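Welcome! Take a moment to look over the sequence and the 3D view, and then let us walk through them together.

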Amino acid sequence: MGPIRQLQAFVCAQTFWPQFMIRWFQAEKGPFTIFFYCPLAKWGISIANINDMIKKPIETINPVQQSVITLTGTLIARWCWVLSPRQYMLMVCNSVMACTGIIQLWRKHQAGLLF
Amino acid sequence: MASKASGIFWTWVHSSTGPKTTHFWAPVCNWFFPIQALYDWNRDPAKISKEMQCVLVCYSSLFMRWALRISPQSYILFCMHLFNATLQGRLLIRRLTWESSQQKAIEDKPTN
């Protein structure tokens, strides 16, 4: 068994967890699989962008990077809509990412620094 | 000469996962992340955002694993995230070395 599986077995073997927690630990997309952490990483991009909005001066924002974030967010949000089954959570995540990109580009435009 | 409306290429163009659909362009647009990192090869380190670079490196590392765990595996996505993690990591290291050289310059400054 790999180290993650061993850690999962160790955690699930503890007796103080309620049953629903153990079921979650063993879920196909639970916290011991990669499927749980990928959406968190995608939200991290939006959170980092909001942090940059608040804390960094406008000259340091990279307009090319923000354009890529906006374009990727919009296209993947649209893709989540046309997939079957529709991925609503992923769509929301990517829409928020695209919105933060648009806001950063707008701020650069207002400061006269866009391209 | 094959007719313009048929053939493998045009069948692909008009297919349900071809370049006229979102199913094609959404994965392709992911490649703009490593291309942006190449474009910014010599970006002034004062203008690199440490937090954003960290997040992009983690994001690509996690998705490298994800690309191999989905079924069917996507080697193209794996390659894209491998390039992205390396290139964004290079920008992160560029920023961190600049920060440490700034710190060193402050410490070495002779005090009057």
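## A first stop: I76(B)

Let us start with a single residue. I76(B) is exposed, with a relative accessibility of 60%; the cut-off for that label is over 50%. You will find I76(B) in helix α5 of chain B, which covers residues 75-108. Although I76(B) and W31(B) are 45 residues apart along the chain, their C-alpha atoms are separated by 9.9 Å. Please keep in mind that this is a predicted model.

## Chain B as a whole

Now step back and look at the chain that holds this residue. Chain B has five helices and zero strands, and its pattern along the sequence reads α-α-α-α-α. Its radius of gyration is 21 Å, well over the 13 Å that the globule rule gives for 112 residues, so chain B is more spread out than a compact globule. Along the principal axes, the C-alpha atoms of chain B fill a box of roughly 85 × 35 × 20 Å.

How much of chain B is buried? Of its 112 residues, 33% count as buried. Chain B exposes about 7200 Å², and 66% of that area comes from carbon and sulfur atoms. Among the contacts in chain B with a separation of 6 or more, 63% are between residues 24 or more positions apart. As for charge, chain B carries 12 positive and 6 negative side chains, and the centres of these two sets lie 14 Å apart.

## Chain A, the partner

Chain A also deserves a look. It has five helices and zero strands, and reading along its sequence gives the pattern α-α-α-α-α. The radius of gyration of chain A is 19 Å, while a compact globule of 115 residues would have one near 13 Å. The C-alpha atoms of chain A fill a box of roughly 60 × 35 × 25 Å, taken along the principal axes.

In chain A, 40% of the 115 residues count as buried. The accessible surface of chain A comes to about 6800 Å², with 70% of it belonging to carbon and sulfur atoms. Residues 24 or more positions apart make up 60% of the contacts in chain A that have a separation of 6 or more.

## Where the chains meet

T22(B), F33(B) and M52(B) supply 21% of the area that chain B buries against chain A, more than any other three residues.

Not counting residues up to four places away in sequence, V55(B) touches A41(A), G44(A), I45(A) and A48(A). Within its own chain, V55(B) is 34 residues from G89(B) along the sequence, and their C-alpha atoms are separated by 10.0 Å.

## Two buried residues

N30(B) sits in the loop between α2 (22-29) and α3 (32-39) of chain B. Is N30(B) buried or exposed? Its relative accessible area is 8%, so N30(B) counts as buried, the cut-off being under 20%. Leaving aside neighbours within four places in sequence, N30(B) is in contact with T72(A) and I76(A) from one chain and with Y59(B), L77(B) and M80(B) from the other.

R95(B) belongs to helix α5 of chain B. R95(B) counts as buried too, at 13% relative accessibility. Which residues does R95(B) contact, leaving aside its neighbours within four places in sequence? They are P45(B), A46(B), K47(B), I48(B) and K50(B). One of these, I48(B), is 47 residues from R95(B) along the chain, yet their C-alpha atoms are separated by 6.3 Å.

## A cis peptide bond

Our last stop is a detail of the backbone. Most peptide bonds are trans. Here, however, a cis peptide bond joins S71(B) and P72(B), with omega about 5°. To find this spot, look for the loop between α4 (50-69) and α5 of chain B, where P72(B) lies.

How values were computed. Residues numbered from 1 in each chain as written. Chains lettered and ligands numbered in written order. Predicted model: local features only at pLDDT ≥ 70, side-chain atom pairs only at ≥ 80, totals over all residues. Heavy atoms only, no water. Helix = DSSP H or I, 4+ residues; strand = E, 2+ residues; numbered from the N terminus. Rg over C-alpha atoms; globule rule 2.2 N^0.38 Å. Buried < 20%, exposed > 50% of the residue type's maximum accessible area, 1.4 Å probe, protein only. Contact = heavy atoms within 4.5 Å. Areas by Shrake-Rupley, 256 points an atom, 1.4 Å probe, with all protein chains shown as cover. Lys, Arg positive; Asp, Glu negative; His and termini not counted. Charge placed at Lys NZ, Arg CZ, Asp CG, Glu CD. Buried area = accessible area lost by both parts, 1.4 Å probe.
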